[in-house]
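Open the model in your viewer and keep the selection tool ready. We will go stop by stop.

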Amino acid sequence: MATLTIRNFDDTLKAHLRVRAAEHGRSMEEEVRCILSQVLTRPSPERGLGSHLVDRFRDIDSDLSLPDRRLPRKTVGLD
């Protein structure tokens with residue numbers, strides 16, 4: 001088994017972890033192991049946020065076109 005050290009752990013976050021561990025009847029160390037296990041063993045989503053946004057707004061009738069991107073861009077004088 002590996003050992004993990006977490007530096008600069010926020011005191012407020014530590015207090016929340018302590019309460020959560022107590023609610024589950026675990027030590028803080030065991031609670032962290034359970035949280036990491038739950039999060040890291042979930043299957044990755046097949047689609048990302050961008051795909052979900054496109055699906056969500058697909059039916060909106062609008063004429064929003066992106067402007068042409070041309071290089072080089074004109075610089076603004078700050079004189």
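On a 1 Å grid over the protein atoms alone, a pocket is an open set of points where a 1.4 Å probe fits, with protein on both sides within 12 Å along at least five of seven lines; lining residues have an atom within 4 Å of a point. Grid points are joined across faces, edges and corners, and volume is the space filled by probe spheres set on the points. This is a predicted model: local features need pLDDT of at least 70, side-chain atom pairs count only at pLDDT 80 or more, and totals for chains, interfaces and linings use all residues. Residues are numbered from 1 along each chain as its sequence is written, and side-chain values use heavy atoms, with hydrogens and water left out.

**Stop one: the pocket.** Select Leu 4, Ile 6, Glu 29, Val 32 and Arg 33. Of the 18 lining residues of the largest pocket, these lie nearest its centre. The space there is about 630 Å³. Now colour helix H2 (28-40). H2 gives the largest share of the lining, 7 residues. (Helices are DSSP runs of H or I, at least four residues, numbered from the N terminus.)

**Stop two: helix H1.** Select 11-23. H1 has 13 residues and reaches 18 Å from first C-alpha to last. At its N-terminal end, show Asp 10, the cap: a side-chain oxygen lies 3.2 Å from the backbone nitrogen of Thr 12. After H1 comes Gly 25, with a positive phi near 70°.

**Stop three: a ring.** Select Arg 56 and Phe 57. The charged end of Arg 56 sits over the Phe 57 ring, 5.6 Å from its centre (the cut-offs: CZ of Arg within 6 Å of the ring centre and within 35 degrees of the ring normal).

Terms used
Helix = DSSP H or I, 4+ residues; strand = E, 2+ residues; numbered from the N terminus. Expected span 1.5 Å × (residues − 1). Polar contact = N/O pair within 3.5 Å; in protein donor to acceptor, adjacent residues only side chain to side chain.
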